[in-house]
Amino acid sequence: MPRQRTGSVIKRKDRDGWWARLSFTDREGKSRTLQRKAENRTEAKLLLKKMLREVEDHGAEIVTGDKMRFAELAKTYEQKKLIPAEYQGDIKTKGLRSYTSQKRRLKTLVAHFGKKLIRQVTHSDLEQFKEQRLSMPTWRGKERSHADVNRDLQLMRIVLNFAKRQGWLPTTPFERGEALINTAHERARNRVLSRDEESRLLAECETPTRQHLKAIIIALVDTALRRGELSSLLWSDIDLETRTIRIRATIAKTAKPRT
């Protein structure tokens, strides 16, 4: 816990306005200073009390967060979290299988929020980002879906929660307003082939150039496997005697094995 905390409210000559300043010694005996600008003396006093509570609750790390820009936070998160998945048996110990796609989304967030201090990212900023992303077409020129923007916001929430766990943020803007991620607006995917459609689809696989697709389509339709899961199967995953297929955690979308 930080020790020897002393606070003051000052009107600086080199900068406009009132400032709340807090000095303290951290656990390692290092002197730290935290200061923030206020509109007037009364607000500065309230701000000083808030700073005292934050240092009490979150420790010296809150000083690091006070000066950190989003681009720096994103770089730290990418280095620690957006790495290839590692497994012990069927249990994922660290990393992500989808880390490459998450890196692409992180670049989008950095382009928008990169220069902003992480403490200054507001709920209103996130609402504005959401509106802008929805109005921007995809690189193929198509309308951007709510699901795509929700994935961006979900990553933003994860990154800011990472900063909170490190003690760099007391709270995140996702906690200070109405829900920004609304999955109800996403387009539901519940399309199921009819018997007639399935028959016609399989009939198209009778030609020499498509015969290899017939078994693949039957397997996908009858097992509800994802295409990536099916293409990643090994013979050791298949038991012809019990007529079962085992989906390893390393190839399952949910990272959980199933039969």
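User: How does the lining of the largest cavity divide by class into nonpolar, polar and charged residues?
Analyst: This is a predicted model, and the structure holds one cavity of 30 Å³ or more. The residues that line this largest cavity are Lys130, Leu134, His146, Val149, Asn150, Asn182 and His185. Leu134 and Val149 count as nonpolar and Lys130 as charged, because Asp, Glu, Lys and Arg make up the charged class. By class, the lining therefore has two nonpolar, four polar and one charged residues.

User: Which element supplies the largest share of the lining of the largest cavity?
Analyst: The space in the largest cavity comes to about 30 Å³. Two helices, H5 (123–135) and H6, each supply at least two residues of its lining. The largest share, three residues, comes from H6.

User: Is Asn150 buried or exposed?
Analyst: Asn150 is found in helix H6 and is one of the residues lining the largest cavity. Leaving aside residues up to four places away in sequence, Asn150 touches Leu180, Ile181, Asn182, Thr183 and Glu186. Because its relative accessibility is 2%, and the cut-off for this class is under 20%, Asn150 counts as buried.

User: Which element gives the most residues to the lining of the largest pocket?
Analyst: About 1,100 Å³ of space lies in the largest pocket. Of the 25 residues that line this pocket, the closest to its centre are Arg105, Ser145, Ala147, Asp148 and Arg151. The elements that give two or more residues to this lining are helix H4 (99–113) and helix H6 (146–165). The most, seven residues, are given by H6.

User: How many residues in the lining of the largest pocket are charged?
Analyst: Among the residues closest to the pocket centre are Arg105, Asp148 and Arg151, and these count as charged because Asp and Arg belong to that class. Over the whole lining, the division is six nonpolar, eight polar and, for the charged class, eleven.

User: What is the relative accessible area of Asp196?
Analyst: Asp196 lies in helix H7, residues 195–203. The C-alpha atoms of Asp196 and Thr223, which are 27 residues apart along the chain, are separated by 19 Å. Asp196 is classed as partly exposed because its relative accessible area is 46%.

User: What is the phi of Ala224, which is not a glycine?
Analyst: Most residues other than glycine have a negative phi. Ala224 lies in the loop between helix H8 (211–223) and helix H9 (227–231), and Ala224 counts as exposed because its relative accessibility is 61%. Although Ala224 is not a glycine, its phi is positive, at about 65°.

User: What value does phi of Arg243 take?
Analyst: Arg243 is found in the loop between strand S6 (238–239) and strand S7 (244–245). Arg243 is classed as exposed because its relative accessible area is 78%. Arg243 is a residue other than glycine with a positive phi, near 55°.

User: What radius of gyration does the protein have?
Analyst: There are nine helices and seven strands in the protein, and its C-alpha atoms fill a box of roughly 85 × 40 × 25 Å along the principal axes. A compact globule of 259 residues would have a radius of gyration near 18 Å, whereas the protein has 26 Å.

User: What percentage of the residues of the protein count as buried?
Analyst: The accessible surface of the protein comes to about 17,400 Å², and 49% of this belongs to carbon and sulfur atoms. Among contacts between residues at least 6 apart in sequence, 49% join residues at least 24 apart. Of the 259 residues of the protein, the share that counts as buried is 32%.

Conventions
Residues are numbered from 1 along each chain as its sequence is written. This is a predicted model: local features need pLDDT of at least 70, side-chain atom pairs count only at pLDDT 80 or more; totals for chains, interfaces and linings use all residues. Side-chain values use heavy atoms; hydrogens and water are left out. On a 1 Å grid over the protein atoms alone, a cavity is a set of points where a 1.4 Å probe fits but cannot get out, and a pocket is an open set with protein on both sides within 12 Å along at least five of seven lines; lining residues have an atom within 4 Å of a point. Grid points are joined across faces, edges and corners, and a volume is the space filled by probe spheres set on the points. Helices (H or I, at least four residues) and strands (E, at least two) are DSSP runs, numbered from the N terminus. Buried means under 20% relative accessible area, exposed over 50%, partly exposed in between (1.4 Å probe, protein chains only). Contact means heavy atoms within 4.5 Å. The radius of gyration is taken over C-alpha atoms; the globule rule is 2.2 Å times the number of residues to the power 0.38. Accessible areas come from the Shrake-Rupley method with a 1.4 Å probe; for residues, only the protein chains shown count as cover.
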